[in-house]
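Subject: Structure handover

Hello,

Please find the structure below, together with its sequence. My notes come after it.

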Amino acid sequence: MIQAADFPHQLHIPTRWKDNDVYGHVNNVEYYSYFDTVINDYLIRRGGLDIHAGAVIGLAIETGCKFHRSLAFPEQVTACLRVDHLGNSSVRYGIGLFGEASDAPAAEGHFVHVFVDRETRRPVPIPEALRTALQQLEVKS
């Protein structure tokens, strides 16, 4: 079983009242929002990704999630991030979501970005500053 310590980057994300569904737990679609948040926060803050005017953007081409247990408001989520594979124009992230009630993950998943030219949407090599930031998240097995 994965642990938070298996990931080189962590971001604390508070759940919001609206995240809960009628069953009293965080709705499954919100887990993907946490994935997106931990990744893009890292890319913008550490990798220098300019989401508004940069020549290169990342497009999500694949995602997956295994749900292990429920999260619920007002729990804080620790979203954990690593790079499982770094290619020329793509990256596969590994993500773990941990709640306050357990050391076991609430969910684990993956997310694949392909970096493309903003205008043509054609794949391009990952810019050097971004690549350097992503390399810091690589976990060798």
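This is a predicted model: local features need pLDDT of at least 70, side-chain atom pairs count only at pLDDT 80 or more; totals for chains, interfaces and linings use all residues.

Residues are numbered from 1 along each chain as its sequence is written, and side-chain values use heavy atoms, with hydrogens and water left out.

Salt bridges

A salt bridge here is a side-chain nitrogen of Lys or Arg within 4 Å of a carboxyl oxygen of Asp or Glu. The count comes to 7 salt bridges. One of them joins the side chains of R16 and D19, at 2.8 Å from N to O. For exposure, buried means under 20% relative accessible area, exposed over 50%, and partly exposed in between (1.4 Å probe, protein chains only). R16 is partly exposed at 38%, whereas D19 is buried at 1%.

E30 and K18 also form a salt bridge, with 3.6 Å from N to O. E30 lies in helix α1 (residues 28-45) and K18 in the loop between β1 (9-14) and α1, so this pair ties together parts that are 12 residues apart in sequence. Helices (H or I, at least four residues) and strands (E, at least two) are DSSP runs, numbered from the N terminus. E30 is buried at 11% relative accessibility, and K18 is exposed at 54%.

In a further salt bridge, the closest N and O atoms of E75 and R69 are 3.3 Å apart. E75 is buried at 10%, while R69 is partly exposed at 23%. Through shared partners, salt bridges join R16, K18, D19 and E30 into one network.

A loop residue

Where is S89 found? It sits in the loop between β3 (76-86) and β4 (90-98). With a relative accessibility of 17%, S89 counts as buried. Leaving aside residues up to four places away in sequence, S89 has contacts (heavy atoms within 4.5 Å) with H113, V114, F115, P123, V124, P125 and I126.

Aromatic rings

Rings of Phe, Tyr and Trp (its six-membered ring) pair if their centres lie within 6.5 Å; planes under 30 degrees apart are stacked, over 60 edge-to-face, and the rest tilted. There are 5 aromatic pairs. The ring centres of Y32 and F35 are 5.6 Å apart and the planes stand at 65°, so this pair is edge-to-face. Y32 and F35 are 3 residues apart in helix α1, which separates them by about one helical turn. Y32 is partly exposed at 29%, but F35 is buried at 0%. Elsewhere, Y31, Y34 and F67 form one aromatic cluster.

Regards
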